Amino acid sequence: MDRFLRLAALLQEAKARFVVIGVWGANYYAKSASTLFTTQDRDLFLPSEPGNLLLVWQSCRLAGLALSTGDEPLGEPIDDFLAERVVGRRALTQATDGRGLDVDLTLVMEGFGFEEVWNDRRLFRVEDVEIPVARLSHIVASKSKANRPKDRLFLETHAEALRRLIEGS
Amino acid sequence: MLFPDDSAAQAPDLGVNESGFRLSESYLAAIAWIENLPQNQNGSDKTWVEEAIEESRLHFAKAVRVS
């Protein structure tokens, strides 16, 4: 099984809540391979709940991913106390297998609260695994709000790709 | 008309024009159109997306500098 799918399956099994956002999430709405965007990172938006964050970390470990925050490995032990501290700071945690699977575990999505995104999520299927994905309109609106150079580049390119797609349909 | 249906009327009010990158009306309409496509509803099989991205990743991982 694909490495990301294994992680997604473990997250589902643990009943952890997460939503795929960012460019990877937008890719699920592509009409063909020619309109996919390349990106290394996968962004998972999580609720600001220590218990849920702990479930996600444990699932990452089971999937063989190393956890870090900032440039440092995540402290040990990974427990409720550590999860509460990370949630309190709204800190980003990263998970990687060191071989191309890099997952950002974020508690922040610019312009949105978790419940709004969660309630409107789409449930797509990859093989036999359900993948919760944010609405494309939420992903785009969040990138607009964030307004970083890489967000503007994505939005301009995405808008052009959709324009061509629709004019050709 | 740019869009094949009345997507413009269905475009959500994203409230993103007060600050941040301005999203055009036509882009928002296109987003609504894409979201409403049958293949983008709950339960849709997106296995091809993961396969295509992995294929691309493996392809470029094999690239070597030749000069």
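Colleague: Helices (H or I, at least four residues) and strands (E, at least two) are DSSP runs, numbered from the N terminus. Where does Glu127(A) lie?
Modeller: In the loop between strand S7 (122-126) and strand S8 (129-133) of chain A. This is a predicted model, with local features needing pLDDT of at least 70, side-chain atom pairs counting only at pLDDT 80 or more, and totals for chains, interfaces and linings using all residues. Residues are numbered from 1 along each chain as its sequence is written, while chains are lettered from A and ligands numbered from 1 in the order in which they are written.

Colleague: What is the phi of Glu127(A)?
Modeller: Near 55 degrees, a positive value in a residue other than glycine. Most residues other than glycine have a negative phi.

Colleague: How exposed is Glu127(A)?
Modeller: Glu127(A) is partly exposed, because it has 15 other C-beta atoms within 10 Å. The cut-offs, with C-beta atoms placed from the backbone, are 20 or more others within 10 Å for buried, 12 or fewer for exposed, and partly exposed in between.

Colleague: New topic. How many residues of H6(A) are buried?
Modeller: Nine of the eleven in 136-146, including His138(A) and Lys143(A).

Colleague: What do those pack against?
Modeller: In chain A, strand S1 (19-21) and helices H2 (22-27), H5 (114-119) and H7 (149-167), together with helix H2 (25-36) of chain B. Contact is C-beta atoms, placed from the backbone, within 7 Å.

Colleague: And which residue follows H6(A)?
Modeller: Asn147(A), with a positive phi near 55 degrees. Asn147(A) sits in the loop between H6 and H7 of chain A.

Colleague: Is the peptide bond from Glu76(A) to Pro77(A) cis or trans?
Modeller: Cis, with omega near -5 degrees. Pro77(A) is in the loop between strand S4 (72-73) and helix H4 (80-88) of chain A.

Technical notes:
Contact = placed C-beta atoms within 7 Å.
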